[in-house]
Amino acid sequence: MRSAIHNVTVDCRDPYDLARFWSQVVDRPMHDDDHPGDPEAVVLLGDGLPNLLFQRVPEPKAGKNRLHLDLQPDHPRDDEVDRLLAMGATWVADHRRPDGTGWATLADPEGNEFCVERSAAERAATG
């Protein structure tokens with residue numbers, strides 16, 4: 001017996017806008033039925049992965065996330081960090097090291113933290 005993860009749910013103030021941000025981050029579509037002002041919005045990850053579900057809640061985010069996403073881009077980590085910052089993410093903490101290892105912690109437009117790791121190619125190059 002087991003349970004499958006169907007959605008990873010994020011509480012937020014504006015589900016449509018936050019889903020649109022994450023849709024661009026992961027380059028996956030939003031559900032066709034989602035519209036501005038809806039109480040929830042979904043990013044369809046496909047390939048058997050759980051969806052990202054964004055649901056409206058009245059209270060603002062408070063404190064550090066207890067769960068976060070780690071992103072591994074298919075291109076250099078620092079290029080991805082630059083792309084995400086240009087899309088509206090903000091810096092939280094820089095854990096990159098001079099030897100190229102480490103990660104960057106960013107926050108989405110509503111303050112939810114996430115990490116950007118090195119690409120598989122960068123990992124392979126440093127052993």
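The conversation below walks through the helices, sheet, salt bridges and aromatic pairs of a predicted model.

Visitor: Where does helix 1 run, and how does its span compare with what its residues should give?
Guide: Helix 1 covers residues 15-26. At 1.5 Å a residue, its twelve residues should span 16 Å, and the end C-alpha atoms are 16 Å apart, which agrees.

Visitor: Which residues of helix 1 are buried?
Guide: The buried residues are Pro15, Tyr16, Leu18, Ala19, Phe21, Trp22, Ser23 and Val25.

Visitor: What do they pack against?
Guide: The buried residues of helix 1 pack against strand 1 (7-12), strand 2 (40-43) and strand 3 (51-56), and also against strand 4, helix 2 and strand 7.

Visitor: What comes just after helix 1?
Guide: Asp27 is found there, and this residue takes a positive phi of about 55°.

Visitor: Turning to aromatic rings, how many pairs are there?
Guide: The structure holds two aromatic pairs.

Visitor: Are Phe21 and Trp22 buried or exposed?
Guide: Phe21 is buried, with a relative accessible area of 5%. Trp22 is buried too, with a value of 4%.

Visitor: Why is the pair of Trp22 and Phe114 called edge-to-face?
Guide: The planes of the two rings stand at 70°, and planes over 60 degrees apart count as edge-to-face. The ring centres of Trp22 and Phe114 are 4.9 Å apart.

Visitor: Which parts of the chain does that pair link?
Guide: The pair links distant parts of the chain, since Trp22 lies in helix 1 and Phe114 in strand 7, 92 residues apart. Phe114 is buried, with a relative accessible area of 0%. Through these ring pairs, Phe21, Trp22 and Phe114 are linked into a cluster.

Visitor: Now the sheet: what is the strand order?
Guide: An open sheet of four strands has the order 4-7-6-5, and its pairing is mixed.

Visitor: Which strands are at the edges?
Guide: Strand 4 (69-71) and strand 5 stand at the edges. Each has a single partner strand, so one side of each is left without a neighbour in the sheet. From one strand to the next, the twist averages 30°.

Visitor: How do strand 6 and strand 7 pair?
Guide: Strand 6 and strand 7 (residues 113-116) pair in the antiparallel sense over four bridges. Within this part of the sheet, Ala104 stands opposite Val116 in strand 7.

Visitor: What does helix 2 touch in the sheet?
Guide: Helix 2 packs on the sheet and touches strand 4, strand 5, strand 6 and strand 7. The direction of helix 2 makes about 145° with that of strand 7.

Visitor: A change of topic: how many salt bridges are there?
Guide: The structure holds seven salt bridges. One of them joins Asp78 and Arg96, whose closest N and O atoms are 3.0 Å apart.

Visitor: Which parts does the pair of Asp78 and Arg96 tie together?
Guide: Asp78 lies in helix 2 (residues 77-87), while Arg96 lies in the loop between strand 5 (90-94) and strand 6 (104-107), so the pair ties together parts that are 18 residues apart in sequence. Asp78 is partly exposed, with a relative accessible area of 31%, and Arg96 is partly exposed at 28%.

Visitor: What other partner does Arg96 have?
Guide: Asp94 forms a salt bridge with Arg96, with the closest N and O atoms 2.8 Å apart. Asp94 counts as partly exposed, at 44% relative accessibility. Salt bridges that share partners join Arg77, Asp78, Asp94 and Arg96 into one network.

Visitor: And where do Glu80 and Arg83 lie?
Guide: Both lie in helix 2, three residues apart, about one turn of the helix. An α-helix has 3.6 residues a turn, so residues three or four places apart point the same way. Glu80 and Arg83 form a salt bridge, and their closest N and O atoms are 2.7 Å apart.

Key
Residues numbered from 1 in each chain as written. Predicted model: local features only at pLDDT ≥ 70, side-chain atom pairs only at ≥ 80, totals over all residues. Heavy atoms only, no water. Salt bridge = Lys/Arg side-chain N within 4 Å of Asp/Glu carboxyl O. Helix = DSSP H or I, 4+ residues; strand = E, 2+ residues; numbered from the N terminus. Buried < 20%, exposed > 50% of the residue type's maximum accessible area, 1.4 Å probe, protein only. Pairing = 2+ DSSP bridges. Axes fitted to C-alpha atoms, helices over the stretch in contact; angles between N-to-C directions. Contact = heavy atoms within 4.5 Å. Expected span 1.5 Å × (residues − 1). Phe/Tyr/Trp six-rings, centres within 6.5 Å; stacked < 30°, edge-to-face > 60°.
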